[in-house]
Amino acid sequence: MNRQDLDELFEEHRKAARCPSPKIVIEFFGNLLGFMFPEHCSREITRPEDLESYLVELKEELLFILSKRPEHDPVKDSGIIQDFLKSLPELKSELALDIDAIYEGDPAARSVAEVVRAYPGFYAIASYRIAHALFNEGLGLIARMITEHAHSRTGIDIHPGARIGSHFCIDHGTGIVIGETTIIGDYVKVYQGVTLGALSVRKEDAAVKRHPTIEDHVVIYAGASILGGDTVVGYQSTIGGNVWLTESVPPFSKVYYKAEFIKEVNDKRKEVL
């Protein structure tokens, strides 16, 4: 590389240094998940004071991350941190309902601990709920780093801007895509390969609702694609596997493809003895 190439690369590094690195953000997320759920904690907690120290460390980590942003404002960022940390008990309560939904919804789950420790659906939902709280604080890039890390680990892609209700269940999960303006109600269950996406990918549509609304108590089976910001799946509906849906369906609907089996008989076949 010549001097000009090095100077240009140095300028890129200088600009990047004004933004938190994904590695630091993911380390913070891992520590936060361990603080909220002992099943993900890598340190020994033997006294209440250990948790108090843990919380102080999390606060310092988040402060460092926010300080790396170009728009860093010490006073404003301090308020963001306080609000976010105050929201942790509510976040944990929301995730407890999701854990119950996954456990009750999967006959293969032997315990709640198994769901928390091993299920990709829980990891993806936990990543989303934490990232969504940060997203609502105006920390969209940091939130996106967290959900994209979960995406790479689980194959489940949930945009932190999506709005998802309580008792959300993801079964298996690989290949699920939930877009930014998706709205999901309570007690919804989604299987692998489901896409809740947009009909248009034009940049000028970025500020409009592009993704569907899924009302309460809906089940969406594997491979279904539900597209469009005006598309609403009514409550208590079931969307079958591999369905392609671009228009609304009323409550209590069942939408599925019916397979037709055609048996061809060859009259000239010979019986092999």
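This is a predicted model: local features need pLDDT of at least 70, side-chain atom pairs count only at pLDDT 80 or more; totals for chains, interfaces and linings use all residues.

**Around helix H7**

Mentor: Start where two helices touch: from H2, the residues Phe29, Leu32, Leu33 and Met36 meet Tyr123, Ala126, Ser127 and Ile130 of H7. By class, that H2–H7 contact has seven nonpolar residues, one polar and no charged ones. H2 covers residues 22–36 and H7 covers residues 120–136, and the two pack at an angle of about 105° with their axes 11 Å apart. An angle from 65 to 115 degrees counts as roughly perpendicular, so that's how H2 and H7 sit relative to each other.

Now look at H8, residues 140–154: its axis and that of H7 come within 8 Å and cross at roughly 175°. Anything over 145 degrees counts as roughly antiparallel, so H7 and H8 get that label. On the H7 side, the contact includes Tyr123, Ser127 and Leu134, while Ile146, His149 and Arg153 are among the H8 residues. The residues of this H7–H8 contact split into 11 nonpolar, five polar and one charged.

For the side chain, let's pick His132, which also lies in H7. His132 has 16% relative accessibility, and under 20% means buried, so His132 counts as buried. What does His132 touch, leaving aside its neighbours within four places in sequence? The contacts of His132 are Pro160, Gly161, Ala162 and Arg163. As for Glu52, 80 residues from His132 along the chain, the C-alpha atoms of the two are separated by 25 Å.

Technical notes: Residues are numbered from 1 along each chain as its sequence is written. Side-chain values use heavy atoms; hydrogens and water are left out. Axes are lines fitted to C-alpha atoms, for helices over the stretch in contact, and angles run from 0 to 180 degrees between N-to-C directions. Helices (H or I, at least four residues) and strands (E, at least two) are DSSP runs, numbered from the N terminus. Angles under 35 degrees count as roughly parallel, over 145 as roughly antiparallel, 65 to 115 as roughly perpendicular and the rest as oblique. Contact means heavy atoms within 4.5 Å. Ala, Val, Leu, Ile, Met, Phe, Trp, Tyr, Cys and Pro count as nonpolar, Asp, Glu, Lys and Arg as charged, and the others, Gly among them, as polar. Buried means under 20% relative accessible area, exposed over 50%, partly exposed in between (1.4 Å probe, protein chains only).
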